[in-house]
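The following questions and answers examine a single protein chain. The sequence and model are shown first.

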Amino acid sequence: MLRAVSDCGGEATTSEIRDMTGLSNSQVAYRRDKLTEYGLLEVRTGEPTGSRTPPKVHSLTEAARSQIDSGLFELYNAPVTSDVEQLSTQYNHLRDRVDDLARTVASLEGSLTKVNTELSRLEGTIAKTNAELNERVGDADEIESATDEETVAGAIHSLSAELAELREEVAELDERKKNKFFG
């Protein structure tokens, strides 16, 4: 608004300001009040023309002229194209980052599906191994009821070997399970 008044030679009516800025009457009034409050604008009633209400004439104060001479308008003259280019660059960077994150999420979802599948398979193997161990414990109970020493010793040796193999298999499965989650 100050620029519009300045461009009109330091004095402008509300109509001239509206025409130059595209502001509505209420927007001009709000800015006029603020600029008057800051001591940058003075307002007086102009000469009446016909039966119309006399216009308000806005004049720059000495303080406003001094600020303008000191480069006030240059502070707001940054080229809009550089702002648009900067925003466009930032937007493109953010869009690329979102695309990268979307690919990462998709990859992680695929990995999670594979881990869950492997985990289910390992849990099934562990359940099967536990069932086999329980079956062997039943065989051990049968051995206890046997009376022939040689038969008992041979069965215990056989079961001990099988038990050792099963324990190794369970330990290997546990290790693979840990590696799937933490490795």
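Q: Is glutamate 118 buried or exposed?
A: The structure is a predicted model, in which local features need pLDDT of at least 70, side-chain atom pairs count only at pLDDT 80 or more, and totals for chains, interfaces and linings use all residues. Residues are numbered from 1 along each chain as its sequence is written, and side-chain values use heavy atoms, with hydrogens and water left out. Buried means under 20% relative accessible area, exposed over 50% and partly exposed in between (1.4 Å probe, protein chains only). Glutamate 118 has a relative accessibility of 16%, so this residue counts as buried.

Q: Which residue forms a salt bridge with glutamate 118?
A: A salt bridge is a side-chain nitrogen of Lys or Arg within 4 Å of a carboxyl oxygen of Asp or Glu. The closest N and O atoms are 2.8 Å apart, and the partner is arginine 121.

Q: How many salt bridges does a search of the whole structure find?
A: One of them pairs arginine 103 with aspartate 100, with the closest N and O atoms 2.3 Å apart. Arginine 103 counts as exposed at 54% relative accessibility, whereas aspartate 100 is partly exposed at 34%. For the whole structure, the number of salt bridges found is three.

Q: Which strands hold arginine 44 and glutamate 11?
A: Arginine 44 and glutamate 11 form a salt bridge whose closest N and O atoms are 3.1 Å apart. The pair is 33 residues apart in sequence, so it ties together separate parts: arginine 44 lies in strand S2 (residues 41–45) and glutamate 11 in strand S1 (residues 11–13). Arginine 44 is partly exposed, with a relative accessible area of 40%, and glutamate 11 is partly exposed at 36%. The strands asked for are S2 for arginine 44 and S1 for glutamate 11.

Q: What pattern does the protein chain follow along the sequence?
A: Helices (H or I, at least four residues) and strands (E, at least two) are DSSP runs, numbered from the N terminus. The protein chain has six helices and three strands. Read along the sequence, their pattern is α-β-α-α-β-β-α-α-α.

Q: Which residues is threonine 14 in contact with, leaving aside its neighbours within four places in sequence?
A: Threonine 14 is found in helix H2 (residues 14–21) and is buried, with a relative accessible area of 14%. Contact means heavy atoms within 4.5 Å. With the sequence neighbours left aside, the contacts of threonine 14 are Asn25, Val28, Arg32, Lys56 and His58.

Q: What distance separates the C-alpha atoms of leucine 72 and leucine 2?
A: Leucine 72 is found in the loop between helix H4 (62–69) and H5, and is buried at a relative accessible area of 18%. Not counting residues up to four places away in sequence, leucine 72 touches Leu2 and Gln67. Leucine 72 and leucine 2 are 70 residues apart along the chain, and their C-alpha atoms are separated by 9.9 Å.

Q: What share of the contacts between residues at least 6 apart in sequence joins residues at least 24 apart?
A: The protein chain has 183 residues, and buried residues make up 20% of them. Among the contacts between residues at least 6 apart in sequence, the share joining residues at least 24 apart is 54%.
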